[in-house]
Amino acid sequence: MEKNNAVNNGKKKGLGLVQLTALATGQVIGAGVVTLVGQSIGLTGRSVWLAYATAVLMGLCIIFPYILLSSMIRVKGGNYTFVATLLGDKWGGMYGMAFTMNVFACGMFGLSLGNYLQALIPSLNARVVAIIAVSVFYIFNMLGVNFMAKIQTILSAILILGLLMFIIVGMGNLRPGTFDFKSAEFFTDGAKGFLGGVVLLVFSCSGQAFVVSFSKEADKPKRDIPFAILITTGIIFLVYTSIAMVAGGVLPVSDVAGKPLTVVAEKILSTPLYYAFIIGGPIMALATTLNSSLTVIGRPFHQMTIDGWFPEKLGVTNKRGAPYLILTLMYLI
């Protein structure tokens, strides 16, 4: 009955489970999976896929409180609201002030995206591409969270397809003994190396928790946000471990240790598929992270203006609900 009344009153339907999962998936899968796997292979060899599986489970343990808290309350300021609610306004303000500094990461995402495109088309200027990319996603976010979420759903689908292509082709090129635990290329530095690999990889396994920043726009946040986090964790468990199997199983460990995933991709993929992987893999990973990060980072900033930590006028929104002054400030930075 309430849902029907909402529709009759002309209210827009909030973000559903599919959109929230796309936002969480795009946020957690970044270019780190392209660069970190090779570094982890250098620490633990072919057992990198076990290290990644362990890292995903550890990441779930780290973000488990977000699952519990988001199932109980709708938060308007993301992690800042959690801290302020549980520990008080002073600690919330301290956390919020520190968290807003993450705005500088958006420039890094844009520049990395520019570098990957320049690798495909050397004549491009990476900095110009970075400015264009940040500008495009700034516009998407200015058009409101619902519009941005639709873009994210499309980009996340392309991202998963690009990674699946690498996995499917790679699985057909695995060397004999890839799963031979007695091989000298497994656990190359013993328990110490394996744990080092896990610690290195866990960095890329907890970003799905930032989907709590979209609690305000979610249709059923107490149900859908915890499920989105769990579903995304399942997605990266399968995708990350499969990518790691291919990365450590196609070429000798000495050839890929410390090297980016593109070394393996160039070996197993034809030129057209290699270009498709670069676009659908690392470039889409950066694009989806940049797209959602503008809201993830801006949401605590916006709530802090409402709570009095920043000038109230800074938090004004346009007709689509986007805090345009905050987004513009982030864009300029």
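A residue is termed buried under 20% relative accessible area, exposed over 50%, and partly exposed in between (1.4 Å probe, protein chains only). By this criterion Ser215 is buried, because its relative accessible area is 2%. The model is predicted: local features need pLDDT of at least 70, side-chain atom pairs count only at pLDDT 80 or more, and totals for chains, interfaces and linings use all residues. Residues are numbered from 1 along each chain as its sequence is written, and side-chain values use heavy atoms, with hydrogens and water left out.

Ser215 lies in the loop between α10 and α11. Helices are DSSP runs (H or I, at least four residues), numbered from the N terminus. Contact denotes heavy atoms within 4.5 Å. Neighbours within four places in sequence aside, Ser215 contacts Ile73, Arg74, Val75, Pro221 and Ile225. Ala22 is 193 residues from Ser215 in sequence, and the C-alpha to C-alpha separation is 14 Å.

Lys216 occupies the loop between α10 (190–202) and α11 (221–249). Lys216 is partly exposed, at 36% relative accessible area. Together with Arg74, Lys76 and Lys222, Lys216 forms a positive surface patch. Patch residues have over 30% relative accessible area and no salt bridge, and like charges are joined within 9 Å. A salt bridge places a side-chain nitrogen of Lys or Arg within 4 Å of a carboxyl oxygen of Asp or Glu.

Thr44 belongs to helix α3 (residues 32–44). Thr44 is buried, with 0% relative accessibility. Residues up to four places away in sequence not counted, Thr44 touches Ala51, Glu185, Phe186, Phe187, Thr188, Gly193 and Phe194.

How values were computed. Patch = residues over 30% accessible without salt bridge, like charges linked within 9 Å, V, L, I, M, F, W, Y side chains within 5 Å. Areas by Shrake-Rupley, 256 points an atom, 1.4 Å probe, with all protein chains shown as cover. Lys, Arg positive; Asp, Glu negative; His and termini not counted. Charge placed at Lys NZ, Arg CZ, Asp CG, Glu CD. Helix = DSSP H or I, 4+ residues; strand = E, 2+ residues; numbered from the N terminus.
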